[in-house]
Amino acid sequence: MHSGEDESTARPPVCATAPQSEDRAGGAAPEKKPDVRVIALLGNPNTGKTTLFNRISGLRHKTSNFPGTTLEARVARVRAGVEGGRDADLIDMPGLYSIELDQLESRVCREVLGGQAAPGGGRARSPECAVVVVDATNLARNLMLVGEVLRRRLPTVVVLNMSDLAEKRGVRVNSLLLGEALGCEVVRAVARSGEGIDEVRHAIRRARIPTPNPPIPGSSEELRHWAEDMFERVVPGASGGVGGGVAGEAGALHPPDNLEDTHSDWADRVLLHPVAGAICFALVMTGLFYAIFSLAQFPMAAIEWLFARGTTLIEAMLPAGALRELLAEGVIGGVGSTLVFLPQICLLFFLISLLEDSGYLARGAFLMDRLLRPFGLPGQAFVPLLSSHACALPGIMATRGIPDLKERLATILVAPFMTCSARLPVYVLLTSLLFVGRPALAALAFVGCYALGIVAGVFSALIARRTILRGVSRPMAMELPSYKWPSLRSAFITTIDRAWTFIRKAGTNILMICIALWWLGAYPHSGAPQLSTDLVAAAARVENGESSVFVSSAENNHAYRIVHDEVDAPDADQPGIAISPDGARELAAQAESKHHAQQSFLGRIGRALQPAFAPLGFDRQLTIGVLASFAAREVFVSTMSVVITGAEDTESEGVMDQLASATRDDGRTPVFTRPVCWSLLVFFVLAMQCLPTLAVTARESGHVKWAILQLVWMSALAYISAAFVFHVLS
Amino acid sequence: MLHRGDRSILDNMVSIVEHQGAMGGSGAGVGTVAQVVSLAAVAAGKTGVVRAVELGADDAKLLCAMGLCVGAKIKMVRRGEPCVVAVGGVNHQRCKCGGRCRIGVARALAACVLVEPD
């Protein structure tokens, strides 16, 4: 690949005119006015760059992608400087160690600094200022990136972050001296507490093209020497003759020897230990999983309750008709089904943000790397895959922590194989149909489903990495930052940012999908079936004085006798099941919703598609259930109970028995035979039956083709496996 | 110079490398024959100086940007796959690069970094 070395030569100063490329992404209208400046914010990973960005921008920022990539860019409109400063777009670049590497992050960074790319389809322009955040506790290494940026001769400001922490460790950086040597302004700041943020704004306004002395060398090894020379020059005592780590007054001036054990090293003795570390990691991950699996249930239930109330309210306010149905069931229901994902997304990102900030997430990736590497996945894929066991949506969103693009795509592709909580009601239904009265075996089948999902996922990842996503698996080289207290404020901002991005980018698509699926299931309205009209009429006649009315149905070969009181109904030898008028009305309502479910568009599509599902053992009713579960898998259970019994709630008495004894259209063959149950179970473990996930995959992978691939891959695997299971068992 | 070999062979190999003065760093290696081992073979708690990075330009650049480049003083914090290496400076044996820098390195990479143990 082209490495862009040619751009590293000196650039002339660029003023705010003459954009070099027009709207590359083409999508968004060029809303930026010509006098808006661009400020690039860059720095090594773990320097507190994001915390600084959050400090400067607060919540006023937009998240978009760099054109043609899935690389995320956050852009904040800020007022640089206090008096009369012009507005500027502050672009938060991805954290990187060097801008001269042949990696996506480096390339994008070079393009932004060179004025060739702008995030979110904005007009590309050369930045008027580059702000480099450096970690004062790791200054010598961080100065290498500063050197690379200074070589580009853009107005530059260096922010010396975490200077408080560095001083605690005996590294007192003379920022004036450093500024003189670098030829640009150096601002001491503590992003966590907000100290020095105003000075950063001032410095951005005053930024000049740097004149470093000594000049910056070309090769990376010479740059390393330059950085360390610079470090020794500006940190008193760094080059002195006193040995490192000397305590006391004099020692406080001398930075400790880097190779000596620190508190973090002691913590790592335990946390990176093959046994103790694995146990700690398992505990932390259990907590994380518990939070998104269980704790999120409460706000999710609240959201569902709220939107159910909304539906009731609209139904009470509007007259009956198509508009009321659309608003109450389609729109309100759809918004509810979209927002119900938010609690899990928020909790997950809040916790991940805290773990990342504390430095532990890097250790987790480190520990898991060994486990996942054989399947072509990096250690960073663990948290997304684990989260996918609660819900694939937050899991796929969490893949942003994976640096390598192909590894990230592979993780996105296989994340929905993990058993999400929406599959659980289906597993419960099928295992209880399979193992009546044998809970131990049902539990075993449950575990088997989880295992099948994981195995299918990791092997799919392996296949993907060997074929379409083939590429050198970048062997791990990652920094293990010192442990520190995470910033709650930054975690909150990240969480709100993620939630908002989800609503804006994926939420609208998910809402559309929900409304479309509701419409397919609700329309067209069909008249009441003969049985229910007969039952209602008979109930009225009995209440008007007739002693008993006989109703028979050709549909399900049942006969009913409507009587005043079913208990002491006379002539028990007469044909038909004795029921009360109220029971008859209830039965009529069930027959009507059952009839409606079968006559709806979804029911008709199910009937048309049934032959395709026949090799899996699915009849027409099961096919409708499987199709309806594309909105969300758990919908399968309620759809099946509506299609078969007409009752919506499987908890209610007798519905499970009715499901177990349900027959196909011929009235004899049971729907849920043993082979069919197993085939369904395998199908639900493997199939891609979640359109919201596809919407998020398309969004996060940057292209709809990955969502299509995911759908085809998972569905084909599910189809073949389920057909195999059905064939073997029957 | 070194033969680029199979990584697993290189892993525990002890080789003799002739160092040019330009290869950087002070100490015993300059202009003489020094013993180097792969980073993956350095025992936990032991220190050394990086003498060669036998990797492609991009991997080498990344490691260098993280501090692991020729002349840098290192200490093996934890062996294994992946291993944890403390990285110091290149200018001095006492290597005060101004902070604590620990990097996790996969064996595949560590095997290609040659270290002269102290």
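**Buried salt bridges and helix packing**

Asp265(A) is buried, with a relative accessible area of 2%. The model discussed here is predicted. Over all chains, the structure holds 20 salt bridges.

- Because Asp265(A) lies in helix H9 (residues 263–271) of chain A and Arg102(B) lies in strand E6 (residues 102–105) of chain B, the pair joins two chains.
- Arg102(B) has a relative accessible area of 0%, so this residue is buried.

**Salt bridges within chain A**

- In general, side chains of opposite charge can pair when their charged atoms come close.
- Asp92(A) is paired with Lys49(A) in a salt bridge whose closest N and O atoms are 2.7 Å apart.
- This pair links distant parts of the chain, with Asp92(A) in strand E4 (residues 87–92) of chain A and Lys49(A) in helix H1 (residues 49–57) of chain A, 43 residues apart.
- Both Asp92(A) and Lys49(A) are buried.
- A network of salt bridges links Lys49(A), Arg74(A), Asp92(A) and Asp497(A).
- A salt bridge is also formed by Glu479(A) and Arg141(A), with the closest N and O atoms 3.1 Å apart.
- The partners come from distant parts of the chain: Glu479(A) belongs to strand E8 (residues 477–479) of chain A and Arg141(A) to helix H3 (residues 139–150) of chain A, 338 residues apart.
- Glu479(A) is buried because its relative accessible area is 6%, and Arg141(A) counts as buried because its relative accessibility is 3%.

**Helices H17(A) and H19(A)**

- Two packed helices are described by the angle between their axes and the distance between the axes.
- Helix H17 (residues 405–414) of chain A packs against helix H19 (residues 439–466) of chain A at an angle of about 140°, and their axes are 9 Å apart.
- H17(A) is therefore oblique to H19(A), and the crossing of the two is right-handed.
- From H17(A), Lys406(A), Glu407(A), Ala410(A) and Val414(A) meet Gly457(A), Ser460(A), Ala461(A) and Arg465(A) of H19(A).
- By class, 3 nonpolar, 2 polar and 3 charged residues make up the contact of H17(A) with H19(A).

**Helices H18(A) and H19(A)**

- The axes of helix H18 (residues 424–434) of chain A and H19(A) come within 10 Å, crossing at roughly 140°.
- H18(A) and H19(A) are therefore oblique to each other, and H18(A) passes H19(A) in a right-handed crossing.
- On the H18(A) side, the contact is made by Leu424(A), Tyr427(A), Val428(A) and Thr431(A), and on the H19(A) side by Ala442(A), Ala445(A), Phe446(A), Cys449(A) and Tyr450(A).
- The contact of H18(A) with H19(A) has 8 nonpolar residues, 1 polar residue and no charged residues.

**Helices H22(A) and H25(A)**

- Helix H22 (residues 581–599) of chain A and helix H25 (residues 635–644) of chain A pack with their axes 7 Å apart, at an angle of about 110°.
- H22(A) and H25(A) are therefore roughly perpendicular to each other.
- Ser593(A), Lys594(A), Ala597(A) and Gln598(A) of H22(A) make the contact with Val642(A), Val643(A) and Ile644(A) of H25(A).
- The residues of the contact of H22(A) with H25(A) comprise 4 nonpolar, 2 polar and 1 charged.

**Individual residues**

- Ile292(A) is located in helix H10 (residues 276–295) of chain A and counts as buried because its relative accessibility is 1%.
- Apart from its neighbours within four places in sequence, Ile292(A) contacts Gln344(A), Leu347(A), Leu348(A), Ser387(A) and Ala390(A).
- The C-alpha atoms of Ile292(A) and Ser388(A) are 9.9 Å apart in space, while these residues are 96 residues apart in sequence.
- Gly702(A) occupies the loop between helix H28 (691–701) and helix H29 (704–729) of chain A.
- Gly702(A) is partly exposed because its relative accessible area is 48%.
- Gly702(A) and Leu686(A) are 16 residues apart in sequence, and their C-alpha atoms are 24 Å apart in space.

Notes. Residues numbered from 1 in each chain as written. Chains lettered and ligands numbered in written order. Predicted model: local features only at pLDDT ≥ 70, side-chain atom pairs only at ≥ 80, totals over all residues. Heavy atoms only, no water. Helix = DSSP H or I, 4+ residues; strand = E, 2+ residues; numbered from the N terminus. Buried < 20%, exposed > 50% of the residue type's maximum accessible area, 1.4 Å probe, protein only. Contact = heavy atoms within 4.5 Å. Axes fitted to C-alpha atoms, helices over the stretch in contact; angles between N-to-C directions. Parallel < 35°, antiparallel > 145°, perpendicular 65-115°, else oblique. Left-handed = near helix turned anticlockwise from the far one by under 90°. Nonpolar A, V, L, I, M, F, W, Y, C, P; charged D, E, K, R; others polar. Salt bridge = Lys/Arg side-chain N within 4 Å of Asp/Glu carboxyl O.
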